[in-house]
Amino acid sequence: MSRLAGQVALVTGASRGIGAAVAEALAAEGARVIRVARGLADGAKGPFEDIRCDLTDPGQVERLGSRVLDQYGPPAIVVSNAGSFLLRPLETTSAEELETQLAVNLRAPFAVAKAFLPAMRKAGRGTFITVGSVADHVGLPENAAYAASKYGLRGLHETLLAEYRGTGVRLTLVSPGATDTSAWDPFDPDQREGFIPRAAMLRPADVADAVLFVATRPAHVHIDWLRLGPIGKASRG
């Protein structure tokens, strides 16, 4: 029997990259997967239900939570994955770009946590997985705005971990290193000294495997932080 048969999982940022790979991996194990992204049209097909939502709009996230909880109850698994990547030195990073990084990488996950964790606590069960980055623990050049948002995300995770300890809800931060997704397209790491070439980066499926590992542990097993990266140089991403 599939390990997640009959379970409902919700994945944000599920239209591409890591989120799409995570959704596919969870569905392959039998989960009913709610895929959430700005670029998706509402609809259901096979193991997926797609919901269009701008996670930077708190009202839309609140409506997302109400809709999912009314239809399915508290999800067994929530993967808070949606994010934005910026690679730019401090001197050329604008205040608006910092605000965008904070809105997508910190305020949106905060809203997703508020939408689902209280109901999961009430049910006394569930796995809430946040996808961070190596930049949530390591300072790297040209990461001022991105790392600020990802360090904040780690702070949010660690605080929620403390608040929800003993409730039956498991919270995990998955921190991947450089992963070959379209987020790198504007920056061309193959032509930048000191960067891992895209061919040597993690693949979205690698990160999805890590998320699936966390989601399928027995109920008595809790993984609070899982870090992975490509073999070789210090990893960015």
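Predicted model: local features only at pLDDT ≥ 70, side-chain atom pairs only at ≥ 80, totals over all residues.
Residues are numbered from 1 along each chain as its sequence is written, and side-chain values use heavy atoms, with hydrogens and water left out.

**View 1. The sheet, strand by strand.**
Here's an open sheet of eight strands with mixed pairing, in the order E3-E4-E2-E1-E5-E6-E7-E8. At the edges you'll find strand E3 (43-45) and strand E8 (225-228), each pairing on one side only. From one strand to the next, the twist averages 15 degrees. As for the labels, helices (H or I, at least four residues) and strands (E, at least two) are DSSP runs, numbered from the N terminus. Two strands count as paired if DSSP finds at least two bridges between them. In general, strands of a sheet pair through backbone hydrogen bonds, either parallel or antiparallel.

**View 2. Zooming in on E5 and its two partners.**
Strand E1 (residues 8-12) and strand E5 (residues 77-80) run parallel and share three bridges. Ala 9 has Ile 77 of E5 as its bridge partner, and Val 11 stands opposite Val 79 in E5. E5 also pairs with E6 in the parallel sense, this time over four bridges; there, Ser 80 has Thr 130 of E6 as its bridge partner. Which way do the side chains of E5 point? Ile 77 and Val 79 point one way, Val 78 and Ser 80 the other, and all are buried. Buried means under 20% relative accessible area, exposed means over 50%, and partly exposed is in between (1.4 Å probe, protein chains only). In a regular strand, side chains alternate between the two faces of the sheet.

**View 3. Helices against the sheet.**
Helix H1 (residues 17-28) lies across E1, strand E2 (32-37), strand E4 (48-52) and E5, and runs at about 170 degrees to E1. Helix H4 (residues 144-163) packs on the sheet too, touching strand E6 (127-131) and strand E7 (170-176), with its direction at about 160 degrees to that of E7. For these angles, axes are lines fitted to C-alpha atoms (for helices, over the stretch in contact), and angles run from 0 to 180 degrees between N-to-C directions. Contact means heavy atoms within 4.5 Å. Now for helix H5 (residues 204-215): its buried residues include Val 207, Val 211 and Leu 212, and the buried residues of H5 pack against H1, E5, E6, E7 and E8.

Glu 142 is partly exposed, with a relative accessible area of 23%. Asp 188 isn't a glycine either, yet has a positive phi of about 45 degrees. You'll spot Asp 188 in the loop between E7 and H5, partly exposed with a relative accessible area of 36%.

Is Thr 179 buried or exposed? Thr 179 is buried, with a relative accessible area of 6%, even though it lies in the loop between E7 and H5. Not counting residues up to four places away in sequence, Thr 179 touches Ile 18, Trp 184, Met 201, Leu 202, Arg 203, Pro 204 and Val 207. Thr 179 and Asp 206 are 27 residues apart in sequence and 8.7 Å apart in space, C-alpha to C-alpha.

**View 4. Gln 101 in helix H3.**
Gln 101 lies in helix H3 and is buried, with a relative accessible area of 2%. Leaving aside neighbours within four places in sequence, Gln 101 is in contact with several residues, among them Ser 84, Phe 85, Tyr 146 and Ser 149.
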